[in-house]
Amino acid sequence: MTPSPPALLIAGHGTRDEAGAEAFRAFVRELGDRHPELPVAGGFIELSPPPLGDAVAGLVERGVRRFAAVPLMLVSAGHAKGDIPAALAREKERHPGITYTYGRPLGPHPSLLRVLERRLDEALGTADGREDVTVLLVGRGSTDPDANAEVHKAARLLWEGRGYAGVETAFVSLAAPDVPGGLDRCARLGARRIVVLPYFLFTGILPDRVRRQTEEWAAAHPDVEVRSADVIGPEPELLDLVWERYEEAVRGDLRMNCDSCVYRIALPGFEDKVGLPQQPHFHPDDDGHHHGHGHHHGGHAHAH
């Protein structure tokens with residue numbers, strides 16, 4: 001008899017914005033509707049219900065013993081590298097007998113680049129051409145230089161072959177340049193038409209902050225045309241990509257990037273992170289939470 005396929009567990013970051021959290025939960029439900037042949041669940045590592053531990057417990061209650069976990073994240077920062085693997089290891093201790101594989105983050109996949117291009121077209125509307133349009137791609141921002149570099153990679157890939165005047169990069173938190181600084185850079189480079197493109201999956205507090213800061217900068221620079229694009233959203237391409245990451249994890253085709261990871265390689269200024277032990281990122285609503293909000297040491301727990 002052919003064994004049933006592993007269940008699919010979606011791991012999200014979490015947000016204090018209820019609309020953003022519900023967008024994630026609706027996305028998980030849509031994946032389940034698309035794939036009735038296997039159990040699908042999703043949870044957050046912080047800020048929003050349900051916590052990841054509850055999602056795992058729900059799968060176990062449904063008789064699941066094997067699952068593949070996919071981080072619903074664009075870049076491989078501390079959460080994807082350390083917090084989620086540590087949380088999964090903790091769940092394995094809580095539920096003896098379960099096994100799992102861990103997929104890789106979404107990354108600047110060509111299908112997501114097509115969605116970003118679509119968001120830019122929507123923001124530009126019927127405006128003439130792209131050759132004088134500078135795009136400012138705004139990522140979440142991280143203390144992990146590798147994660148920030150992945151946003152720059154996405155910006156370069158978005159620029160290639162699409163006819164924009166340029167694609168610059170900024171971050172809404174934890175990394176420079178910030179949104180006003182990124183817009184200043186675009187203007188100094190001669191941009192007169194700018195579209196600010198949030199590199200986020202769903203709506204939330206940080207994408208709202210990007211739009212608000214963009215509007216404030218635009219009001220102070222009336223000589224520059226500035227528009228705001230929307231987040232990626234629960235597009236069919238995103239649903240397909242998550243399934244692709246699930247199938248990779250099931251096959252064992254993980255291909256995670258370790259070449260510039262601060263937890264393996266001594267990068268300048270981050271030498272103290274090499275080899276640090278990983279700690280679970282405790283969700284405040286997690287049933288096993290007894291320690292307050294755990295500090296993050298992202299010891300690399302790649303599945304290979």
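This is a predicted model: local features need pLDDT of at least 70, side-chain atom pairs count only at pLDDT 80 or more; totals for chains, interfaces and linings use all residues.
Strand E6 (residues 166-171) has six of its six residues buried, so the rest of the structure largely encloses it. The largest pocket holds about 1,100 Å³ of space.

**Strand E6 and its partner**
- In a regular strand, side chains alternate between the two faces of the sheet.
- For E6, both faces are covered: Gly 166, Glu 168 and Ala 170 are buried on one side, and Val 167, Thr 169 and Phe 171 are buried on the other.
- E6 runs parallel to strand E5 (residues 133-139), and six bridges join the two.
- Looking across that pairing, you'll find Leu 136 opposite Glu 168 of E6.

**Thr 214**
- This residue sits in helix H7 (residues 205-220).
- Its relative accessibility is 2%, so Thr 214 counts as buried.
- A polar atom of the Thr 214 side chain lies 2.7 Å from the backbone oxygen of Val 210.
- Leaving aside residues up to four places away in sequence, Thr 214 touches Val 179, Leu 183, Val 196, Val 226 and Ser 228.

**The largest pocket**
- The lining takes in 44 residues, with His 13, Gly 14, His 79, Arg 140 and Leu 206 lying nearest the centre.
- Helices H1 (18-34), H3 (78-94), H5 and H7 each put at least two residues into that lining.
- H3 gives the most to the lining, with four residues.

Note on methods: Residues are numbered from 1 along each chain as its sequence is written. Side-chain values use heavy atoms; hydrogens and water are left out. Buried means under 20% relative accessible area, exposed over 50%, partly exposed in between (1.4 Å probe, protein chains only). Two strands pair if DSSP finds at least two bridges between them. A polar contact is a pair of N or O atoms within 3.5 Å; within protein, one must be able to donate a hydrogen and the other to accept it, and residues adjacent in sequence count only if both atoms are side-chain atoms. Contact means heavy atoms within 4.5 Å. On a 1 Å grid over the protein atoms alone, a cavity is a set of points where a 1.4 Å probe fits but cannot get out, and a pocket is an open set with protein on both sides within 12 Å along at least five of seven lines; lining residues have an atom within 4 Å of a point. Grid points are joined across faces, edges and corners, and a volume is the space filled by probe spheres set on the points.
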